[in-house]
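Visitor: I should like to learn how to read a protein model. May we go through one together, feature by feature?

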Amino acid sequence: MSINILKYESDIWKTADLLIGAGIKQSDFPKYMMPFFALAMVESRLIREANRIREEENIEDTDDFVEIFQLEGLGYNDYVIRKGITLKDICKNDKTFDTDFDGYLKAFDAETKYLLGVDKGNEEEKFLDITGVSGLLKKKRILFNTVKTWSEIDLLPFNNSDITTLEEHIKRKWADISAETAGEQYTPDDIISLISELIATKIEDNDEFLTIYDATCGGGNLLFGVEDKIQEISNRPTATYGQEWNDTLFALAKIESRFRKDTYIEYGNTITETGKFFDKTFNIAVANPPYGVDWKGFEKEVKSDETGRFHALPSISDGQFLFTQHILSKLDENNGFGVIVHNGSTLFSGDAGSGESNIRKYFFDNDWVEALIQMPQDEFFNTGIYTYLWVFNKNKPANRKDKVILIDGSNQWELLKKSKGKKRRQMNTDNRKAIVDAFVNFEDVVVDGKEMAKVFDKWHFYYNKQSIILTNVDENGKAIQMPTKTNKAGETVEEKAIKLNPTKVEFATLEGEVKELSDFEITTFDKSTYNSLEDYFNQEVKELISSIDYKESNLKIQTSKAIYSYDEDKETIIEQVGNATTELGNGKILIKAAYKKETKTKDAFIQITVELTKDTVKDYEIIPYLPIEEDNQKQIADFMVKYVTRPFGYSDNVIGVEINFNKIFYVPEQVDSLSFLIDELNEIDIVLAELNNTLNLQS
């Protein structure tokens with residue numbers, strides 16, 4: 001740019017002074033400013049294109065010129081193109097302004113009026129809703145001054161790329177103040193440059209169209225920014241495709257698309273509206289989808305989706321990975337390459353078997369992840385969190401198959417001279433080059449003694465979550481032994497419990513009262529207190545039995561052959577036969593009560609049973625994963641032998657995938673030696689003593 005377009009940023013924000021004076025809330029500024037920014041942008045581009053056509057075609061007849069201009073498909077305004085009347089001209093006469101401004105808006109072509117929201121009914125999509133906004137400003141008596149202020153902002157000297165840059169700086173400020181942009185992170189220019197430079201390492205310089213897709217394109221800054229930068233470094237022709245659900249951002253992107261060649265912007269929800277670009281796949285995908293925004297509003301549609309896009313579903317509270325799965329489904333299977341901006345939760349949120357973990361595993365199983373790159377903190381306009389670039393490649397070179405490079409770009413930044421919202425840092429050319437070089441070279445990198453890039457086998461990020469059933473043991477390492485039986489398959493297996501036939505149960509209540517049970521098939525009850533046997537069970541027996549704790553109730557189970565109790569100190573079940581006692585091992589004494597309904601042969605009754613079981617608890621171990629099943633099982637077994645000391649049985653094993661950037665690139669702080677710290681303390685003691693002596697002398 002010969003002139004820095006960003007000088008107009010402050011001029012544009014002067015229009016906000018009128019809104020403040022009219023008592024309009026700051027959070028509503030975007031609603032009142034976006035339509036007029038779009039209007040100024042459209043007018044400047046129409047005039048710019050009209051001047052270009054006049055120079056190229058040298059047409060004198062007005063009607064002929066208008067006809068040729070309309071054939072360009074750039075939009076049209078009869079005031080601007082045929083009559084040469086601009087917003088600035090209209091604002092010269094405040095007496096006729098209302099009529100002239102209304103005529104000016106209605107002089108646009110149908111599509112531009114549709115996007116600007118000219119004279120839209122209540123049931124129609126209003127997009128920028130310029131008619132509605134103008135009506136509100138007119139009531140506040142500031143419409144004329146607002147339009148006049150905007151008309152003085154001259155965007156004519158600037159090209160599409162320049163105006164896109166200004167547009168995104170303005171939208172960034174709108175995002176800072178608007179409550180309606182939760183989760184939306186506008187992509188700064190230096191990150192767009194980095195994404196473009198990563199893409200440039202993969203594209204061949206030929207005459208084939210390079211198709212670029214952004215499924216969450218917003219106002220188009222990332223999509224159009226990447227296209228502009230690729231065109232600066234490559235002769236490859238490009239075509240861009242974007243989709244956006246936000247009315248105003250879609251309108252801005254759609255308006256700009258008409259001044260770009262081979263650009264297609266669609267309106268709609270990327271997750272639920274599958275008809276947009278349904279028959280296309282793309283060479284390149286870029287996106288910066290919303291972070292931490294739930295998808296409750298279209299849960300039904302997502303769960304019933306039949307496109308096959310969604311291998312698994314993430315947490316309902318964060319839909320980032322829905323967009324990512326959709327985007328990957330649109331990447332060309334032979335040469336698709338994508339760079340998607342995410343926050344850190346996509347790397348590690350969700351346990352093995354969760355939606356997030358299964359989605360990561362799906363990406364890694366297909367070997368689509370080529371790189372993960374951590375961005376510096378404070379890089380984005382309205383968030384200070386760390387962000388990451390997921391770099392996907394559906395056609396990795398042979399030497400990168402089943403490998404992933406992690407690049408720590410968190411230190412690749414310089415401070416801005418002036419903060420822009422929460423953006424206090426930027427990546428300069430050298431910072432970006434360090435990251436791109438690491439990606440291209442695809443090897444470990446150490447900078448100033450600190451690892452900056454590391455290449456891993458993709459299996460490094462997989463892990464086993466092996467569930468086990470642990471059996472508790474007593475002080476001698478013994479657990480109660482269950483009898484065995486032969487199952488239907490002819491296998492010898494353990495019984496689940498030893499069933500006792502009690503003659504008496506003695507236990508202490510929580511209040512210390514000693515109680516006895518001797519009836520284990522109860523058929524009678526106090527009819528003056530309870531309506532039925534079932535009421536007696538629900539109100540009395542069930543609560544009493546459930547209150548018995550075999551460890552704390554001084555429980556004794558008497559059978560015709562033995563007495564059973566639990567020694568809490570030794571953590572073992574005691575079997576007493578006469579005067580002889582045997583420690584059976586750790587286990588549980590379970591007393592259960594059940595109400596048995598009346599049958600044809602037997603009246604209803606309450607049944608109380610007692611059984612001895614092993615005391616087991618389900619646990620799990622996190623174990624590194626090996627891709628060959630036999631090796632993986634051996635590794636699990638070796639781990640168990642080394643680290644699990646109690647008897648156990650295997651349960652299910654779930655494979656998870658997570659990436660812990662902090663762990664990989666963590667550098668522990670150097671701690672001073674103990675002798676150094678002691679010397680420091682001694683020096684402080686000396687200084688304090690001298691100070692104390694000085695104070696005593698002064699007193």
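**A covered helix**

Guide: The model before us is predicted. Let us begin with helix α15, whose buried residues are Q320, F321, L322, F323, T324, Q325, H326, I327 and L328.

Visitor: How many of the residues of helix α15 are buried?

Guide: A residue is called buried when its relative accessible area is under 20%. In α15, which spans residues 320-329, nine of the ten residues are buried, and the helix is thus described as mostly covered.

Visitor: Into which domains is the protein chain divided?

Guide: There are domain 1 (5-161), domain 2 (186-462), domain 3 (473-614) and domain 4 (670-698). The centres of domain 3 and domain 4, taken over C-alpha atoms, are separated by 69 Å.

Visitor: Which residues touch the most other members of the largest nonpolar core?

Guide: A nonpolar core is a set of buried residues of nonpolar kinds, joined through side-chain atoms. Here the largest one has 104 residues, and F36, L39, I195 and I199 touch the most other members. Helix α2 (residues 29-57) gives this core its largest share, 15 residues. Domain 1 and domain 2 each supply at least three residues to this core. Apart from it lies another core, of 36 residues, including A215, L328, L406 and F456.

Visitor: With which residues is F36 in contact, leaving aside its neighbours within four places in sequence?

Guide: The partners of F36 are F101, I130, V133, S134, L137, L143, T146, V147 and W150.

Visitor: In what order do the strands of the open sheet lie?

Guide: Strands of a sheet pair through backbone hydrogen bonds, in either a parallel or an antiparallel sense. In this model, six strands form an open sheet in the order β18-β17-β20-β21-β22-β23, and the pairing is antiparallel. Its edge strands, β18 (514-517) and β23 (580-585), each pair on one side only. From one strand to the next, the twist averages 20°.

Visitor: Which residue of β23 is the bridge partner of E575?

Guide: That partner is T582. Strand β22 (residues 572-577) pairs with β23 in the antiparallel sense over five bridges.

Visitor: Where does pLDDT stay under 50?

Guide: Where pLDDT is low, the predicted coordinates should not be read in detail. The stretch concerned is residues 179-183, for which the model has seven contacts beyond four places in sequence. Over the protein chain, pLDDT averages 91, and 95% of the residues score at least 70.

Definitions and conventions: Residues numbered from 1 in each chain as written. Predicted model: local features only at pLDDT ≥ 70, side-chain atom pairs only at ≥ 80, totals over all residues. Heavy atoms only, no water. Pairing = 2+ DSSP bridges. Helix = DSSP H or I, 4+ residues; strand = E, 2+ residues; numbered from the N terminus. Axes fitted to C-alpha atoms, helices over the stretch in contact; angles between N-to-C directions. Domains from an automatic or database assignment. Core = buried A, V, L, I, M, F, W, Y, C linked by side-chain atoms within 4.5 Å. Buried < 20%, exposed > 50% of the residue type's maximum accessible area, 1.4 Å probe, protein only. Contact = heavy atoms within 4.5 Å. pLDDT = per-residue confidence, 0-100.
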